[in-house]
Amino acid sequence: MQTPFFSVVIPTLDEEKTLPKLLQDLNKQTFTDVDVFVVDGGSKDKTVEIASQFAKEHKRFTVLECNQKNVSIQRNMGAEHSQGTYLIFLDADVRIPHYYLECIHYNLMKNGVD
């Protein structure tokens with residue numbers, strides 16, 4: 001399997017209302033060399049069910065379940081599973097435009113990184 005350019009890590013906890021919008025935003029990106037990890041910290045709502053259904057339909061998405069409700073531990077868990085050259089951490093309640101990853105990629109290629 002080819003290493004993706006980006007890995008996106010999303011820690012979640014009871015995000016059934018907001019997470020689907022972000023997952024759709026990520027699925028509609030114009031830059032598609034990306035994998036996405038939803039790392040749940042023990043949600044009591046349908047967050048895991050929603051994310052798992054999305055992952056079944058879209059192979060670039062993975063759901064991980066963390067036994068601790070700690071956003072830092074969840075981010076680290078997602079980072080450990082990721083294979084992307086660059087990591088992007090997003091909260092489940094954000095929205096991003098369809099060109100978000102493309103703009104980051106463009107700027108990395110144009111300006112480089114130290």
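Modeller: Contact here means heavy atoms within 4.5 Å. By that rule, and leaving aside neighbours within four places in sequence, Asp14 is in contact with Ser43, Lys44, Asp45 and Thr47. A word on the ground rules: the model is predicted, local features need pLDDT of at least 70, side-chain atom pairs count only at pLDDT 80 or more, and totals for chains, interfaces and linings use all residues. Residues are numbered from 1 along each chain as its sequence is written, and side-chain values use heavy atoms, without hydrogens or water.

Back to Asp14. The residue sits in the loop between S1 and H1. These labels are DSSP runs numbered from the N terminus: helices are H or I with at least four residues, strands are E with at least two. Asp14 and Thr47 are 33 residues apart along the chain, yet their C-alpha atoms are separated by 5.9 Å. The backbone of Asp14 has a positive phi of about 55°, although this residue is not a glycine. Buried means under 20%, exposed means over 50%, and partly exposed is in between, with a 1.4 Å probe and protein chains only.

Now step back along the chain into S1. Two strands pair if DSSP finds at least two bridges between them. S1 and S2 run parallel and are joined by 7 bridges. One of the partners is Asp40 in S2, which bridges to Thr12. On the other pairing, 4 bridges join S1 to S4, again in parallel. There, Ser7 has Leu87 of S4 as its bridge partner.

The whole sheet is open, with 4 strands in the order S3-S2-S1-S4 and parallel pairing. S3 (61-65) and S4 are the edge strands, each pairing on one side only. Neighbouring strands are turned by 25° against each other on average, direction ignored.

H3 (residues 71-81) lies across S1, S2, S3 and S4, running at about 150° to S1. For these angles, axes are lines fitted to C-alpha atoms, for helices over the stretch in contact, and values run from 0 to 180 degrees between N-to-C directions.

S2 deserves a look. This strand is largely enclosed by the rest of the structure, because 7 of its 7 residues are buried. Val34, Val36, Val38 and Asp40 point one way; Asp35, Phe37 and Val39 point the other way.

The largest one has 22 residues, and Phe6, Val8, Ile10, Leu26 and Leu90 touch the most other members. S1, H1 (19-27), S2 (34-40), H2 (47-57) and H4 (100-111) each give two or more residues to this core. H1 gives the most, with 4 residues. Leaving aside neighbours within four places in sequence, Val8 is in contact with Leu26, Val34, Asp35, Val36, Phe37, Ile88 and Leu90. A second, separate core of 6 residues includes Val9, Val39, Cys66 and Met77.

Cys66 is buried, with a relative accessible area of 10%. Cys103 is partly exposed at 36%. A disulfide is a pair of cysteine sulfur atoms within 2.5 Å, and the whole structure has 0 of them.

Last, the rings. Rings of Phe, Tyr and Trp (its six-membered ring) pair if their centres lie within 6.5 Å; planes under 30 degrees apart are stacked, over 60 edge-to-face, and the rest tilted. There are 6 aromatic pairs. Phe5 and Tyr86 have ring centres 5.1 Å apart and planes at 45°, so their pair is tilted. Phe5 lies in the segment before S1 (6-12) and Tyr86 in S4 (residues 86-89), so this pair ties together parts 81 residues apart in sequence. Phe5 is buried at 14% relative accessible area, while Tyr86 is partly exposed at 27%. In Phe54 and Phe61 the ring centres are 4.8 Å apart and the planes at 75°, so that pair is edge-to-face. Both Phe54 and Phe61 are buried. Phe5, Phe6, Phe31 and Tyr86 form one aromatic cluster.

Key
A nonpolar core is a set of buried Ala, Val, Leu, Ile, Met, Phe, Trp, Tyr and Cys residues joined through side-chain atoms within 4.5 Å.
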